[in-house]
Amino acid sequence: MEAIVETKNLRVEFRAQSSGQAKKVAVKDLNLSIRAGEVFGFLGPNGAGKTTTMNVLLGFVNATSGAASLFGVDVREPIARQRIGYLPELTYYYKFLTAEELLRFYARIFSIPRTEADRRIDQLLKLVELESARQRPIKTYSKGMQQRVGLAQALINNPDLLILDEPTSGLDPLGRMKVREIIQRLKNEGKTVFFSSHELGEVETVCDRVAIINQGELKVEGRVADLVEKHQANLEQIFLNIIGYQPQLSA
Amino acid sequence: MKTVLAISGIVIKELYRRKDFYVLFVLTAVITLLMGSVSFFHDTNSVRYVKDIALLLIWISALVIAIGTTARQIPAERENRTIFPLLAKPVTRWQVILGKFAGCWLACGLALIVLYLFFGIVSGSRDHHWPLLNFCTALWLHWVMLGVVVAFVLLGSVVFTAPSSNATITFIVVLGILFLGRYLNQVALQQPEPLRSIVYGLYFLIPHLEWYDVRDLIIYDQNLVGWMDCALATLYAVIYMAVFLLGTWLVFRRKALNL
């Protein structure tokens, strides 16, 4: 099956903040391959290298060595981003725009014809349940609504690949459930979803495959069911075990 | 091109949805109207004086709008993290810079049209004289000058982290060029070497924004600037805009996106 996202020996190093400090290796020789139609969970503690990996895939950061491609196109080429949708973690969209204007702006970037853009905007605002607030400035939106408008903008070009960076971060249980439902729906439509999350229960429910990364290194990768069977534990226990967490025993 | 236009459209929307422009316009309008309504014994010099002050206000307002609007563009994109979904689309950093520049410059043009139109109506209704070509020439050269300022501030916005420090520094530099730029060669002559060469170098290096200040065309109803001079002045400004935009891109293409 075609690899939608692929990294080969991907390495990202950052310069030292001050002289005398060693350079920081954020990602160490990462090899990933995500196939079409998969929902792939990318897990790891804070600072593990998840966002850096996503930033390389999106062309925000250049890799020190190795290669990364989307749909077989080098991520450094802007055209590689034509068929993707991206939802960053906690973004505050242009506050002076309404949801409709924001989506129209992104539709113009993709050169979507006006009638098609109108249709998609209606469809997406319905999907993320923001129809009633479509004419309101984004500055009046709650955090959950902002996250949902973010999800709508990520879908405006009807992408084949969605990259979601902690899509449920900061949302209440209802907001999280709604986002999860949307991911599930996209999965049913055959979209490929690559997302990072700290919500392991959510990952276990939604994902076909997961990768756990710690200190920039890929520790484990595989189907959720296979990992659970192999380790005889749930995903949370596997995760804690892999990152070397030792529970403090109370007296 | 569509991407650049889409980004510039957002900048223009921001300008007319924020209060800054309206505050400046109302302030300029009230002062112009108040001064225009005062009659100084039908003395033509005092009418010219009123025009001079009103045009000065327009110049200050336009500079505040240009610098204020441009200085916050890229830092706001980074601070609010809107740069991430934008660059995750098939958009290059160069297109972001061009879009921001075009948006700020066009927004300044729209603000200038409103301000000059208002001033022209007030001034014409008192003078019963409508020197339309003088107004158009002054407006065009003013707008071209603002293009250089916008490109310069955009460069500042990727060099300085805080928009306030960028705005302050660029405002001082622009005012310095406007007031002192024309005298730098004379200052150079009075200096010993190597300071003389440095000041001379500076004289030839800075964009001479003061050349675009043709307020006297309106105040004293002077002869029009020739078309060729206008075209050369525009070309001179375009070269500086291109240099500043290229500098902005060179800094921004390697810059980390998060603040």
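What follows is a short chat about the pocket, the chain contact and the salt bridges of this predicted model.

Reader: Hi! How much space lies in the largest pocket?
Author: Hello! The largest pocket of this predicted model holds about 1500 Å³ of space.

Reader: Nice. Which residues are closest to its centre?
Author: Those are F60(A), V61(A), N62(A), R254(B) and K255(B), out of 38 residues that line the largest pocket.

Reader: And which elements give two or more residues to that lining?
Author: From chain A they are β1 (3-14) and α1 (50-57), and from chain B they are α4 (83-87) and α5 (93-127).

Reader: Which element gives the most?
Author: That would be α1(A), which puts three residues into the lining of the largest pocket.

Reader: How does the lining of the largest pocket split by class?
Author: The lining has 16 nonpolar residues, 13 charged ones and nine polar ones.

Reader: What area do chain B and chain A bury between them?
Author: The two chains bury about 2400 Å², with 63% of that on carbon and sulfur atoms. On the chain B side, I10(B), K89(B) and P90(B) supply 24% of the area buried against chain A, more than any other three residues.

Reader: How many salt bridges does the rule find across that interface?
Author: There is one salt bridge between chain B and chain A. E101(A) pairs with R17(B), and their closest N and O atoms are 2.7 Å apart.

Reader: And how many residue pairs are in polar contact between the chains?
Author: Counting pairs with both residues at pLDDT 80 or more, nine are in polar contact between chain B and chain A.

Reader: Where do R119(A) and E116(A) lie?
Author: Both are in helix α3 (residues 114-127) of chain A, three residues apart, which is about one turn of the helix.

Notes
Residues are numbered from 1 along each chain as its sequence is written. Chains are lettered from A and ligands numbered from 1 in the order in which they are written. This is a predicted model: local features need pLDDT of at least 70, side-chain atom pairs count only at pLDDT 80 or more; totals for chains, interfaces and linings use all residues. Side-chain values use heavy atoms; hydrogens and water are left out. On a 1 Å grid over the protein atoms alone, a cavity is a set of points where a 1.4 Å probe fits but cannot get out, and a pocket is an open set with protein on both sides within 12 Å along at least five of seven lines; lining residues have an atom within 4 Å of a point. Grid points are joined across faces, edges and corners, and a volume is the space filled by probe spheres set on the points. Helices (H or I, at least four residues) and strands (E, at least two) are DSSP runs, numbered from the N terminus. Ala, Val, Leu, Ile, Met, Phe, Trp, Tyr, Cys and Pro count as nonpolar, Asp, Glu, Lys and Arg as charged, and the others, Gly among them, as polar. Buried area is the accessible area (1.4 Å probe) that two parts lose on being put together, summed over both. A salt bridge is a side-chain nitrogen of Lys or Arg within 4 Å of a carboxyl oxygen of Asp or Glu. A polar contact is a pair of N or O atoms within 3.5 Å; within protein, one must be able to donate a hydrogen and the other to accept it, and residues adjacent in sequence count only if both atoms are side-chain atoms.
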